[in-house]
Amino acid sequence: MFLNFNKFKKQNKNDKIIIENNTEKVVIKKEYDWLNPKTYIPDMKTEYMNKIDKDTAISLIIKGVSLGDIAGSIYEGRFSDERNNYKKIIETMYHNDEYYTDDTVLTIATVDALIEINKRYTEESYDFIEDIEMFNKYPNVGYGSAFKRWCIDKKATAYNSYGNGSAMRVGPIAILDNIDDVVNEAIKSASVTHNHLEGIKGAVIIAVCTHLLINGFDKDDILNYACKYYSEDILSPILTLDEYEKIRKRISTLYSVTCMHTVPLAIRCFYESNNYEDCITKAIMTSMDADTCAAIAGCLASVYYKKFNINTANA
């Protein structure tokens with residue numbers, strides 16, 4: 001299924017994100033054509049230095065997403081003293097009846113889609129068959145209401161979402177060899193449900209960042225790349241976590257499940273981290289959508305650090 005670029009109207013040259021009465025009016029920045037794959041190609045040297053092989057990379061991505069998802073699951077949308085206690089989160093991680101959610105299930109569905117694309121399905125069915133199969137197998141893991149309707153209704157189409165679901169499931173696409181393929185497949189993966197421009201952008205940014213990390217690029221490369229696309233948004237990865245903490249109560253991010261709030265924040269949590277567990281703990285403490293932010297940040301951290309320090313037997 002190729003994205004129909006003609007059905008999207010161009011935005012006004014003065015477009016920006018506006019917050020009115022704590023409600024976001026989402027408009028796209030003027031200088032990029034978010035539907036053009038060339039927009040997302042990194043402006044940096046493409047020599048791959050310390051490439052991780054595909055089998056290792058996909059294993060790390062699945063584990064990185066799922067462990068972040070599981071660790072954050074019990075904190076999602078919940079204010080508590082424990083959620084603000086870094087030491088306690090680390091010490092009790094995977095010992096609190098945490099559980100996997102749709103973040104894990106749909107990431108595995110993406111892996112299955114990559115495996116099956118040339119075996120069973122036509123190009124037109126690639127984008128959604130695996131999501132629906134996994135939904136039927138795991139129907140009660142916290143899917144959004146719009147996604148549920150999309151899975152149940154055989155005639156359903158994309159629903160213009162800019163939620164963070166497109167970014168949380170896209171990680172496995174990063175294993176593709178060619179950066180152009182990563183961008184194109186990330187656009188297709190997102191647009192089948194999250195065909196809002198921000199939903200597409202968030203998915204592509206995470207896929208490209210993960211791809212770059214798999215291929216030996218460092219944290220500064222990732223931050224510089226992401227800031228190019230979020231530099232004028234209400235949140236940008238250039239903000240430190242301390243700076244974000246100071247402004248978070250003045251903007252509508254207290255419990256946001258949008259790409260434009262979750263993706264920059266997850267990237268910043270990764271950038272400031274010291275190891276995998278430190279990364280997902282920062283994500284849990286910073287985002288009220290703790291499981292998804294930790295899943296996205298965990299995807300990045302897993303292929304960068306390549307190891308997990310806490311015993312995950314209980315996860």
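Q: What makes a residue count as buried in this predicted model, and what share of the 315 residues does so?
A: Buried means under 20% relative accessible area. By that cut-off, 56% of the 315 residues of the protein count as buried.

Q: What is the accessible surface of the protein, and how much of it belongs to carbon and sulfur atoms?
A: The accessible surface comes to about 14500 Å², and carbon and sulfur atoms hold 48% of it.

Q: What makes a set of residues a nonpolar core, and which residues have the most contacts inside the largest one?
A: The members must be buried residues of the nonpolar kinds listed for a core, joined through side-chain atoms within 4.5 Å. The largest such set has 88 residues, with Tyr40, Ile205 and Ile267 having the most contacts inside it. Helix α8 (residues 197–214) gives the most to this core, 12 residues.

Q: Which residues is Ile205 in contact with, leaving aside neighbours within four places in sequence?
A: Contact means heavy atoms within 4.5 Å. On that basis the partners of Ile205 are Tyr40, Tyr225, Ala226, Tyr229, Tyr230, Val263 and Ile267.

Q: How many residues line the largest pocket, and which lie nearest its centre?
A: The lining has 26 residues, and Asp102, Tyr143, Gly144, Asn164 and Gly165 lie nearest the centre. Elements giving two or more residues to this lining are α3 (102–116), α5 (145–152), α6 (165–168) and α13 (290–305).

Conventions: Residues numbered from 1 in each chain as written. Predicted model: local features only at pLDDT ≥ 70, side-chain atom pairs only at ≥ 80, totals over all residues. Heavy atoms only, no water. 1 Å grid on protein atoms, 1.4 Å probe; cavity = no way out; pocket = protein on both sides within 12 Å on 5 of 7 lines; lining within 4 Å. Helix = DSSP H or I, 4+ residues; strand = E, 2+ residues; numbered from the N terminus. Buried < 20%, exposed > 50% of the residue type's maximum accessible area, 1.4 Å probe, protein only. Areas by Shrake-Rupley, 256 points an atom, 1.4 Å probe, with all protein chains shown as cover.
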